[in-house]
Amino acid sequence: MSKVKSGRYPVLVVGAGPIGLTAALALRHLGLPAIVIEAEPKDRLRPGSRAIYFHKATLQHLEDIFPGLGYTFAKHGVVWPVKRTLFRGKEVYVKRYPSPDPKALPPFTSLPQVEAEKFLYQACLDAGVEFIWGTPVKDVRVDEQGVTVITESNEQWQCDYVIAADGARSTVRQSVGIEMEGPRTKDYFVVVDVREDETDPLPLERIFHYQHPAVDGRNVLYVPFAGGWRIDLQLLEGDDPEEFGSVEGVKKWLPKVMHPKYADRITWVSTYRFYQVVAKSFTDAHCRVLLAGEAAHLFAPFGARGMNSGVPDAIVAAKAIHVALHASTEEEAKEAIAVAAEERRIAARYNRDCAGIALEHIQGSSPMMNMKREVAASLAPILPRLGKWLDEGPYGPKSGPPQLSTKY
């Protein structure tokens, strides 16, 4: 027998990852109550560093909804002063950044997601967010009057709106019948986190290797973050992901591209494929549910588009719900939700396309792209702009998505 929770809530957030926490903070910033329902227990252990790169725009978003939070991220993260790109072992580009202004937000910060979540969670507690831990959602039912969230224990939560931040396998998204669309490529990557040796650390430099000669021409990316390094290895066609992506497998190739000591400092290994999928809609037919983060889109990590797109998803969702709750008519409320959903869907499709451009660039599998890379690498010493093109290519276009004329 199901138990209906007493009362009706203006909005519920499903998922206590970084996007759900951001949504809750944004709701509180707007003066709305925020309740977060999370499937896992409060003391859950989150594996690995996960997303580590936060753009300045994301830091500013966080600062806007909870003053001091963006600066907290910046304070505890790292900003590398140098980035390098090499082609078959030969340096083709280097850029050195000036020291950031300590009184301003940096252009980015590199901070493990698990640490970012700690700061977000504490901010939520300070803002008065309520958490319901260890409560998986099994179904969501929507009609013109509102939403019923049904948990595994058969509790029923009645609310006007839901922000779905429950990840790639989103129960909320599936319950309301929203499908994902887009390609899932066959390209495999191995991502490895290692702890830094604080007594003898490496220089803080982001380094990308095209066709690293020590690993038979596979691409390798190194990104420093607070307390460690992220190493990303692109596998070749025919490579066995399990062979390269197991801890023992990593211990075989990692000493070829880093000091051997780091093979004994591995903290996380993951294998992934290049996804480029976006929800067909970011809201349901009744405009009562808004999707955010990986519930709405999955991108490869190149360009750090996932987390940095999910944060504005959450904030725009909160703003739209605030408008809808104060709308004069049901039509105005639905329009607020629909416009916000479409804005974020357009942004997600743009980011998906950018990820596709990045994949084509780093693969070098097409004859034309491979020729462009070869020529750029050979001419980079005399035409620095070509080295810059090689450096920026693996991350896709730097410009933002089209801007809509909305209040969000």
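Guide: A residue is called buried when its relative accessible area is under 20%. In this predicted model, buried residues make up 53% of the 408 residues in the protein chain.

Visitor: What makes the protein chain as compact as a globular protein of that length?

Guide: The chain holds 11 helices and 19 strands. Its radius of gyration is 22 Å, and the globule rule gives 22 Å for 408 residues; the two values are close, so the chain is as compact as a globular protein of that length. Along its principal axes, the C-alpha trace spans about 65 × 45 × 45 Å.

Visitor: Why is valine 375 called partly exposed?

Guide: Buried means under 20% relative accessible area and exposed means over 50%, with partly exposed in between. Valine 375 has a relative accessible area of 40%, which lies between these limits, so the residue is partly exposed. Valine 375 is located in helix 10, residues 367–379. Together with Met368, Met371, Leu379 and Ile382, Val375 makes a nonpolar surface patch of about 480 Å².

Visitor: How do you know that the buried residues of helix 7 line one face of the helix?

Guide: In helix 7, residues 247–257, the buried residues are Gly249, Val250, Trp253, Leu254 and Val257. Viewed down the helix axis, these residues fall within an arc of 115 degrees, and therefore they line one face. Glu248 and Lys252 are exposed on the other side of helix 7.

Visitor: What do the buried residues of helix 7 pack against?

Guide: Their partners include strand 13 (184–195), strand 14 (205–212), helix 6 (241–245) and strand 17 (266–279).

Conventions: Residues are numbered from 1 along each chain as its sequence is written. This is a predicted model: local features need pLDDT of at least 70, side-chain atom pairs count only at pLDDT 80 or more; totals for chains, interfaces and linings use all residues. Side-chain values use heavy atoms; hydrogens and water are left out. Patches are made of residues with over 30% relative accessible area and no salt bridge: like charges are joined within 9 Å, nonpolar side chains (Val, Leu, Ile, Met, Phe, Trp, Tyr) within 5 Å. Accessible areas come from the Shrake-Rupley method with a 1.4 Å probe; for residues, only the protein chains shown count as cover. A salt bridge is a side-chain nitrogen of Lys or Arg within 4 Å of a carboxyl oxygen of Asp or Glu. Helices (H or I, at least four residues) and strands (E, at least two) are DSSP runs, numbered from the N terminus. Buried means under 20% relative accessible area, exposed over 50%, partly exposed in between (1.4 Å probe, protein chains only). The radius of gyration is taken over C-alpha atoms; the globule rule is 2.2 Å times the number of residues to the power 0.38. The arc is that of the directions from the helix axis to the C-beta atoms. Contact means heavy atoms within 4.5 Å.
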